[in-house]
Amino acid sequence: MSNRKINMKEKYRLLTRDLDWEYSYRDYKEVFPQQEFEGIKITDWSKWEDPFRLTMDAYWKYQAEKEKKLYAILDAFSQNNSQLNVTDARYVNAIKLFLTGISPGEHQAAMGFGQVGRQLGGVGARVACQMQAIDELRHVQTQIHAMSHYNKFFDGFQDFSHMHDRVWYLSVSKSFFDDARTAGPFEYMVAIGFSFEYVLTNLLFVPFMSGAAYNGDMATVTFGFSAQSDEARHMTLGLEIIKFLLEQHPDNLPIVQRWINKWFWRGTRMLSLVAMMMDYMLPNKVMSWQEAWEVYFEEAGGSLFKDLARYGIEMPDYAQTAIAEKEHISHQVWSMFYNYGHATAFHTWMPTEKEMDWLSEKYPNTFDKYYRPRFEKWREMEAAGERFYNPTLPMLCQTCQIPMGFTDMEDPTSIFYRQSEYDGERYNFCSDGCKDIFDHEPEKYVQAWLPVHQIYQGNCGGPSMEDVLGNYYKINLGVDNMDFHGSPDEERWNIWHNLQPAEDKLKQAS
Amino acid sequence: MSKAFIALQDNEESHYIVEAIEQDNPTATVIYQPAMIRIENEGRLVINRATVEEKMGRDWEIPALHVNLITLGGNVDEDDDQFSLTWKQ
Amino acid sequence: MSVAAITPDYVGERRDRLENFHGNQIVYVGWDRHLMFCSPVAFALPPETPFSKLQDEVIPGAFSQHPDFAEIDWSAVVWHLNGAPFLPSRDKSLIEQGVDHKSIIRMATPGLNGIKGSGS
């Protein structure tokens, strides 16, 4: 045996393709029983090309290096009491939403890639899924670890995993991943690998994380960028699955296009929560949601779909609707959470005058016309001691499970209503995108666990708000929920920094 | 034409990689944002191992890019000596 | 179209069947151009509830915090039921006039267009 150094391509072949074997005493279809029912046709798995050609030995080496860097920074962050150095305590509420709403999604993705990796007949794809499953597990662990530091100083972090399975707004991300994981292996790959990882996660992990850095949160930016460094590899896996499926058989095109349409829409609806985090929950602003959307969807996504046109793939249905909504959704979703701030495990608030001026400047076509008068009214009510909370449970969309607060882009002061009837029952939707998804597979979406309906069916701990929010959700009432102003979080922050409570400021101002 | 792009964490090691990218892609634009550096170029962006090694003054392997990488846009092609991002249209 | 599933003829459980609501049905109410209430709201009500009760007791409980609410001329309200024009009869029950499970009632109040006319 010679000692010559083998090159990357050869090493990749040896450490992936060479790990496979022929199935001599079991039928191939028995080994991979889920490969055909979605209608996808695969003729030759050997055509799979992993662009990164990362082998397991290199994977462990570089992942270990990433972990060492990450934990060095997390240690420095906690040793230095750096939670005191974030811009202000309102910011921490974005991190609460991250831990309860996003980190459990990383865990769902880990399980999903574990399941799917088992079901794909090609060894290259299986190895890539295995690495991604391990990556996702690393993400959820490092995120929980990083945010456990905040749990020592701020409210609302304590029961994130319990809450993820129960709380009304967390059902948005839970049902998104449940939907993907209960689909077949190829739909899962298009849903999470391509539509989510390639087209949309940049919007979560790049501008928001840069914003975390700009707000003094080195712990979050570090776990965020450490995760996103894996996402870059996941993105190329997502793109490879699309190219591979389209090169395998022409019959795959309409199926793949439908999945792209579906998961683009589901993803944009879920990211409306990130839109609100960007525009409302970062006291120091890096860029607006609209600007981030233009860079990472319109420009980067536009390049991607132009590139895929050679396979016959088109921009997702309703991309134009999503583009029009970029000037509205962050304000609409913040309105929803402000309405129901008594039922959230994080605090909400009205932006300051200066912050509203920033929103007016960034959203010249919409903010002053549609949203500023509403927010000023809410501020007046708060100053008069009557902070607005919506007393009635919201109507939810059957598909995305978000309150029906999105408006018609042709008439932005009108709620967008859509309805279908199936098997003698009405189903209601926030958009054509969500209605199409239901209409294609009603047998699946009739079983949606809609939090509001579950409360009315008596399945959430009892009839009173205290039963549902306190006992069933485990929100510490009067502590985790309600407005930031007057919260224990605010009080502690002010003591740590010798600041005057906002309540006193309001009294002096009035 | 579409822009191929890469974003790196803003740290000491990345600064050498960025210098190498600037040298090998003269039309590239470098954008500094909080904690990150984004480099974009029309159509294609290439990172050569030899240039990065020259800037760092030590050996460097292409997969080490993963340690400082945040995100990218374009079709990836990677071998022992170079890493490129390309849009084909 | 139908779902692609490993199990033949797969159909999930309809989780929001009327009989799961213990004698109530779900009714949604939205007030057009008053987005201070971020979305339409959901009530669980007996199908026999008279419309007068919905209008006089249930709707005020949901929307009376809005300064426009006291200004509503109820004889001028324009109603829609599941997207179609609707002329409710105060004395009839919800179910008698077609307001069935998971129906949407929309009320428009001409001349009242929310905070400073912004649709809020």
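The model is predicted, so local features need pLDDT of at least 70 and side-chain atom pairs count only at pLDDT 80 or more, while totals for chains, interfaces and linings use all residues. Residues are numbered from 1 along each chain as its sequence is written, chains are lettered from A and ligands numbered from 1 in the order in which they are written, and side-chain values use heavy atoms, with hydrogens and water left out.

**Chain A as a whole**

- Chain A has 22 helices and four strands; these are DSSP runs, numbered from the N terminus, with helices being H or I of at least four residues and strands E of at least two.
- The radius of gyration of chain A is 24 Å, close to the 24 Å that the globule rule gives for 510 residues, so chain A is as compact as a globular protein of that length. The radius is taken over C-alpha atoms, and the rule is 2.2 Å times the number of residues to the power 0.38.
- Along the principal axes, the C-alpha atoms of chain A fill a box of roughly 80 × 60 × 45 Å.
- Among the 510 residues of chain A, 65% count as buried. Buried means under 20% relative accessible area, exposed over 50%, and partly exposed in between (1.4 Å probe, protein chains only).
- Of the contacts in chain A with a separation of 6 or more, 78% are between residues 24 or more positions apart; contact means heavy atoms within 4.5 Å.
- The accessible surface of chain A is about 18300 Å², and 51% of this surface belongs to carbon and sulfur atoms. Accessible areas come from the Shrake-Rupley method with a 1.4 Å probe, and for residues only the protein chains shown count as cover.

**Contacts between chains**

- Two pairs of chains touch, and the pair with the most contacts is A and C.
- Chain B and chain C share no contact, and their closest C-alpha atoms are 31 Å apart.

**Cavities**

- The structure holds nine cavities of 30 Å³ or more. On a 1 Å grid over the protein atoms alone, a cavity is a set of points where a 1.4 Å probe fits but cannot get out; a pocket is an open set with protein on both sides within 12 Å along at least five of seven lines; lining residues have an atom within 4 Å of a point.
- The largest cavity contains about 290 Å³ of space. Grid points are joined across faces, edges and corners, and a volume is the space filled by probe spheres set on the points.
- The lining of the largest cavity has 23 residues, with Gly101(A), Ile102(A), Phe196(A), Leu204(A) and Met270(A) nearest its centre.
- At least two lining residues of the largest cavity come from each of helix 4 (92-119), helix 7 (170-181), helix 8 (185-205) and helix 11 (252-280) of chain A.
- By class, this lining has 15 nonpolar, four polar and four charged residues. Ala, Val, Leu, Ile, Met, Phe, Trp, Tyr, Cys and Pro count as nonpolar, Asp, Glu, Lys and Arg as charged, and the others, Gly among them, as polar.
- The second largest cavity has a volume of about 110 Å³, and 14 residues line it, with Ile415(A), Gly30(C), Trp31(C), Asp32(C) and Leu35(C) nearest its centre.
- Strand 2 (411-415) of chain A and strand 1 (25-31) of chain C are the elements that give two or more residues to the lining of the second largest cavity.

**The largest pocket**

- The largest pocket has a volume of about 830 Å³. It is lined by 43 residues, and Asp178(A), Asp179(A), Thr182(A), Ala183(A) and Lys444(A) are the closest to its centre.
- Helix 7 of chain A gives the largest share of this lining, seven residues.
- The lining of the largest pocket divides into 16 nonpolar, 15 polar and twelve charged residues.

**Single elements and residues**

- Seven of the eight residues of helix 9 (residues 207-214) of chain A are buried, and Gly216(A), with a positive phi near 80°, follows this helix.
- Gln9(B) lies in strand 1 (residues 3-9) of chain B and counts as buried at 15% relative accessibility.
- Beyond residues up to four places away in sequence, Gln9(B) touches residues including Lys69(A), Phe225(A) and Ser226(A).
- Asp423(A) sits in the loop between strand 3 (418-422) and strand 4 (425-429) of chain A and counts as exposed at 51% relative accessibility.
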